[in-house]
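Welcome! Here is a short tour for anyone meeting this structure for the first time. Keep the view open as you read.

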Amino acid sequence: MAKVAALKGIFNFRSSLSSTPKKSNGHGGGSGSHTKLKRRLSLIDSDECAASKGHGNGFPSPNGTINGRPGSKKMRLQSARDAERSPAKGHKRQAPVKEQREKLPIALGRDAIVEEIRRNDVTILVGETGSGKTTQVPQYLLEAGIAGDGVIAITQPRKVAATSLAARVAVEQGVPVGGLVGYSVRFDESTSNSTRIKYVTDGMIIRELLSDELLSKYSIVIVDEAHERTLRTDLLLANLKSIIKRRNAGEGTSKGGKEKGRAQRTNPLKVVIMSATLDAEKFSKYYGNAKVLYVQGRQHPVTIYHTAASQQDYVDSAMRTFYQIHTDWPPGDVLIFLPGQEDIENLEKSVELYSKRLPVDIPGVAVLPMYAALPPNQQSAIFAPAPHGMRKCILATNIAETSITIPGIKYVIDTGKCKEKRYISRDTGTGFDTLLTKDITQSSAMQRAGRAGREGPGYCFRLYTEDAFKSMPLSAEPEIRRVTLTSSLLQLKCLGQDLEKLDFIDKPEQDSIASALATLYLLGALDDSKSLTPLGRTMAHFPLEPTYARTLAASFEHGCPSEILSILSVLSASSKLFIDNTDTREAASESRSKFRAVSGDHMTILNIVKAYEEIREGKGHEKGKAGRREWCKRQFLNERCLSEALEIRAQLRGVCERMKMDWTVSAGEGNDQPVLKSLLSGLVNQAAFLQADGSYKQIMGPSIVKIHPSSSLCDKKVPVILYDELVYTSQIYARGVSAISRSAVQELAVFKRRHSD
Ligand SMILES: Nc1ncnc2c1ncn2[C@@H]1O[C@H](COP(=O)(O)OP(=O)(O)OP(=O)(O)O)[C@@H](O)[C@H]1O
Ligand SMILES: [Mg+2]
């Protein structure tokens with residue numbers, strides 16, 4: 001309700017965002033490392049100058065007036081007239097694609113770039129956002145014949161970037177996606193034998209290493225957005241370093257005789273590292289003083305505004321700024337960056353609620369959310385043009401921060417917040433990843449601004465002060481230093497590599513390695529001498545976290561893969577199944593009672609999946625999409641999670657089929673034990689014994705935990721529990737809980753092993 005109250009002040013928000021004049025000379029910062037980054041990034045310098053010189057302070061009106069009469073009728077009518085004149089027509093007609101390509105800043109450097117890449121094994125390319133790196137460089141290299149008969153891979157940290165860039169480059173080449181230009185991302189691939197330019201996620205190319213350790217079908221690997229320093233990018237960078245040594249020096253494979261060695265000399269690898277915001281010197285040094293190329297300039301300016309005062313409520317500020325743009329500024333779509341799904345959903349409600357109250361002469365607003373948990377078809381909706389006469393308002397997490405061009409976006413609103421994954425090992429035995437909201441880095445701020453100004457001049461409204469920008473760290477800490485390494489360690493073991501010995505650009509912490517080794521040993525993926533077991537190799541084939549991969553492997557031993565696949569798919573979905581808050585908890589528990597299983601939450605999930613499937617098959621009273629939605633709402637269930645889970649399950653069944661594992665085997669109705677035993681095999685770190693006082697003590701860790709009030713076992717006392725996760729509030733709660741027997745724990749090989757030690 002607080003949000004609704006805030007809406008009332010909608011036409012007064014300008015004063016809250018534009019206040020004291022800014023004394024800045026327009027330059028985004030002072031000395032030291034910031035200047036170093038600026039030298040690489042002329043974009044922000046010049047644009048901040050433009051903002052400061054042109055308007056002096058705060059967020060102005062497009063005509064240059066800073067504080068027009070808030071909410072004045074004249075102002076609104078004027079905006080409406082502008083919009084009427086050209087709502088959809090507001091966008092200039094785009095030039096033909098060939099002409100657009102030639103106008104990109106990178107086109108001027110085409111010959112020089114091609115020549116340097118021809119000459120060097122590794123090249124580092126830094127160019128401003130929108131200058132044409134990702135779309136053009138692969139085409140230049142293909143057209144210049146540098147790729148020979150091989151494929152050019154361009155890696156992206158995110159799926160949506162890989163698929164949308166492949167679509168764009170296919171258009172530029174005048175071919176369908178999946179032909180000359182294709183993509184490959186987790187659970188989706190569009191390539192063929194004729195594919196020569198392939199956009200891939202960094203995770204997919206790491207997976208390819210498992211079947212081809214020299215990546216021999218690729219003649220060029222372009223590591224794009226390398227500044228993001230995801231764990232997978234770092235793994236890839238380290239592997240590319242050793243692949244170059246082997247392929248380009250012609251040492252052959254480990255088994256390689258002379259024949260092989262000679263063959264590989266004829267198939268050298270070229271690596272290109274790209275980004276708009278990269279510490280180029282660091283990468284250059286890592287690759288033996290590799291050549292660094294800078295692409296100057298951008299096609300369209302981006303004017304950047306900062307607030308004069310810091311904002312307390314970034315969701316509310318974003319809403320006000322959006323409506324300021326909507327009522328005062330010329331046509332053009334808006335992209336708002338928020339930290340996470342919850343904020344996006346709140347803002348979506350606020351913007352929609354207010355848009356219904358807009359005067360009739362103001363154009364409508366099409367609100368589109370964009371976050372990782374959304375199904376791919378909903379994500380791709382952001383690329384479609386706004387409905388006629390409406391303004392698109394995209395609410396995104398940092399999934400839209402780098403790489404992509406969203407047609408129509410002229411304005412970016414940056415809240416300055418993001419969610420960061422961080423591993424916490426505190427009191428939990430082996431630890432877990434958390435997602436915490438925090439301030440972004442300068443590099444992120446620049447990337448976000450760079451999503452505007454791609455088809456014409458753009459504007460970026462930062463909901464933080466210029467001083468706040470200057471005090472942000474230049475770039476984020478690499479993921480390898482802050483997330484759990486279990487999954488990567490398993491993949492590396494399959495490649496015969498040692499995480500401790502690999503030549504990373506930044507080394508992982510020794511503690512993280514030790515914790516990952518311990519977890520894999522407990523799961524049975526490694527033996528006493530830290531070597532990969534056959535079970536470990538099977539686990540690595542499933543695109544699941546190692547704990548769940550172990551559960552799935554165990555389900556084949558216990559005869560219940562059919563049930564486990566349904567449960568794991570829900571647990572692997574990016575949003576939660578149970579809509580849970582304190583106010584509605586009782587009602588939710590009541591309405592879900594028909595699904596409740598005696599053993600707890602996991603079998604309850606299975607019952608829900610079965611019921612949902614029946615409804616989808618038209619067996620219930622609820623018909624069609626609306627019926628399903630209504631059904632989910634009544635039981636306080638998240639339909640998005642269920643529909644995503646069914647997609648994940650289909651993919652996992654496909655993997656089992658490829659591995660010749662019969663996933664159709666079922667334990668049969670009401671047979672909980674095999675399912676629970678399988679779960680325990682994976683969640684062995686996540687089990688606790690009942691204590692005399694009714695709390696539970698972790699089996700493998702020191703913590704005392706309580707069952708979360710949202711669990712169906714909340715008020716029960718059972719000898720042993722296993723749980724999906726721990727939640728920290730005033731105490732430690734276990735969420736997603738099932739009861740298991742003591743004998744099930746005692747039967748587990750790892751405990752037997754422990755006792756015999
Ligand atoms: N889907 C698209 N629709 C329209 N124009 C596009 C599209 N994709 C790219 N472009 C045009 O091509 C330009 C270059 O895009 P590209 O992705 O190659 O830039 P980049 O240098 O890689 O930027 P970034 O650093 O942000 O990733 C864009 O600024 C835009 O003008
Ligand atoms: Mg790019």
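## Leu 395 and the core around it

In this predicted model, Leu 395 touches Ile 336, Leu 338, Ile 344, Leu 347, Glu 348, Val 367, Pro 369 and Met 370, leaving out residues up to four places away in sequence. Leu 395 belongs to the largest nonpolar core, which has 105 residues. Together with Val 221, Ile 222, Ala 318, Phe 322, Ile 336 and Ile 394, Leu 395 is one of those that touch the most other members.

Both domain 1 (5-20 + 38-43 + 57-90 + 299-469) and domain 2 (99-210 + 217-244 + 257-277 + 284-295) supply at least three residues to this core. Another core, of 69 residues, lies apart from it, with Leu 520, Leu 679, Tyr 696 and Leu 713 among its members.

## Around ligand 1

Which residues come nearest to ligand 1? Of the 19 around it, they are Gly 130, Thr 134, Thr 135, Thr 405 and Arg 454. By type, the shell holds three nonpolar, 12 polar and four charged residues.

Helix H9 (residues 133-143) gives the largest share of this shell, four residues. Domain 1 and domain 2 each contribute at least three residues to the shell.

## Helix H11

Now look at helix H11 (residues 202-209), whose buried residues are Asp 202, Gly 203, Met 204, Ile 205 and Ile 206.

Most residues other than glycine have a negative phi. Asn 289, which is not a glycine, has a positive phi of about 55°. Ser 403 also has a positive phi, near 75°.

Asn 289 sits in the loop between helix H14 (280-286) and strand E8 (291-295), while Ser 403 is in the loop between strand E12 (390-396) and strand E13 (409-414). Is each one buried or exposed? Asn 289 counts as exposed because it has 10 C-beta neighbours inside 10 Å. Ser 403 has 28 inside 10 Å, so it counts as buried.

Pro 457 is found in the loop between helix H18 (442-449) and strand E16 (458-462). Pro 457 is partly exposed, because 14 other C-beta atoms lie within 10 Å.

Setting aside neighbours within four places in sequence, Pro 457 is in contact with His 300 and Pro 301. Pro 457 and Gln 299 are 158 residues apart in sequence, and their C-alpha atoms are 8.6 Å apart in space.

Methods: Residues are numbered from 1 along each chain as its sequence is written. Chains are lettered from A and ligands numbered from 1 in the order in which they are written. This is a predicted model: local features need pLDDT of at least 70, side-chain atom pairs count only at pLDDT 80 or more; totals for chains, interfaces and linings use all residues. A residue is near a molecule or strand if its C-beta atom, placed from the backbone, lies within 6 Å of it. Helices (H or I, at least four residues) and strands (E, at least two) are DSSP runs, numbered from the N terminus. Ala, Val, Leu, Ile, Met, Phe, Trp, Tyr, Cys and Pro count as nonpolar, Asp, Glu, Lys and Arg as charged, and the others, Gly among them, as polar. Domain bounds come from an automatic or database domain assignment. A residue is buried if 20 or more other C-beta atoms lie within 10 Å of its own, exposed if 12 or fewer, and partly exposed in between; C-beta atoms are placed from the backbone. Two residues are in contact if their C-beta atoms, placed from the backbone, lie within 7 Å. A nonpolar core is a set of buried Ala, Val, Leu, Ile, Met, Phe, Trp, Tyr and Cys residues joined through C-beta atoms within 7 Å.
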